[in-house]
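Here is a short report on one protein chain. Please keep the sequence and the model side by side as you read.

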Amino acid sequence: MKKTVKINISGIMFHLDEDAYEMLQNYLAAINQRFASTSEGKEIISDIEYRIAEILQSKLSESKQVITLEDINEIIAIMGKPEDFD
């Protein structure tokens with residue numbers, strides 16, 4: 001049994017298990033750090049969060065209501081690491 005955390009990304013609520021939450025939190029913190037000082041940083045961060053929310057929604061179904069660490073790892077593989085962004 002794992003604890004779940006309820007989060008809001010781009011105005012959409014998701015339930016993540018603890019491991020997934022920690023990984024996503026670290027990923028978003030790295031993205032924020034990467035873009036916070038740029039002139040378009042807020043818009044870029046918002047766009048990335050919106051895309052993450054879209055991918056998270058596609059992972060959910062009637063039989064699956066909680067985002068797992070594997071889901072977050074897939075998202076990071078799709079989106080890329082913050083240091084890869086140009």
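## Terms and basis

Helices (H or I, at least four residues) and strands (E, at least two) are DSSP runs, numbered from the N terminus. This is a predicted model, in which local features need pLDDT of at least 70, side-chain atom pairs count only at pLDDT 80 or more, and totals for chains, interfaces and linings use all residues. Residues are numbered from 1 along each chain as its sequence is written, and side-chain values use heavy atoms, with hydrogens and water left out.

## Overall fold

The chain has 3 helices and 2 strands. Their order along the sequence is β-β-α-α-α.

The C-alpha trace spans about 40 × 20 × 20 Å along its principal axes.

## Burial, surface and charge

Of the 86 residues, 33% are buried. Buried means under 20% relative accessible area, exposed means over 50%, and partly exposed lies in between (1.4 Å probe, protein chains only).

The chain exposes about 5700 Å², and carbon and sulfur atoms supply 48% of that area. Areas come from the Shrake-Rupley method with a 1.4 Å probe; for residues, only the protein chains shown count as cover. The chain carries 9 positive and 16 negative charges, and their mean positions are 4 Å apart. Lys and Arg count as positive, Asp and Glu as negative; His and the chain ends are not counted. Each charge is placed at NZ of Lys, CZ of Arg, CG of Asp or CD of Glu.

Strand S1 covers residues 4-9 and strand S2 covers residues 12-17. They pair in the antiparallel sense over 6 bridges. Pairing requires at least two DSSP bridges between the strands. Lys-6 has His-15 in S2 as its bridge partner.

The hairpin has 2 residues between its strands. Ser-10 sits in this loop between S1 and S2. Most residues other than glycine have a negative phi.

Ser-10 is partly exposed, with a relative accessible area of 34%. Beyond its neighbours within four places in sequence, Ser-10 is in contact (heavy atoms within 4.5 Å) with Ser-46, Glu-49, Tyr-50 and Ala-53. Ser-10 and Tyr-50 are 40 residues apart in sequence, yet their C-alpha atoms are 5.4 Å apart.

## Ile-52 in helix H2

Ile-52 belongs to helix H2, residues 41-59. Is Ile-52 buried or exposed? Its relative accessibility is 0%, so Ile-52 counts as buried.

Leaving aside neighbours within four places, the contacts of Ile-52 are Ile-9, Leu-24, Tyr-27, Leu-28, Ile-75 and Met-79. Leu-28 is 24 residues from Ile-52 along the chain, with 10.0 Å between their C-alpha atoms.

Tyr-27 lies in helix H1. Tyr-27 is buried, at 6% relative accessible area. Apart from neighbours within four places in sequence, Tyr-27 touches Ile-52, Ile-76, Met-79, Gly-80, Lys-81, Pro-82 and Phe-85. Gly-11 is 16 residues from Tyr-27 in sequence, and the two are 18 Å apart, C-alpha to C-alpha.

Ala-30 is also in H1, which covers residues 18-35. At 29% relative accessibility, Ala-30 counts as partly exposed. Ala-30 and Pro-82 are 52 residues apart in sequence, with 6.3 Å between their C-alpha atoms.

Which share of contacts joins residues 24 or more positions apart? Such pairs account for 57% of the contacts in the chain with a separation of 6 or more.
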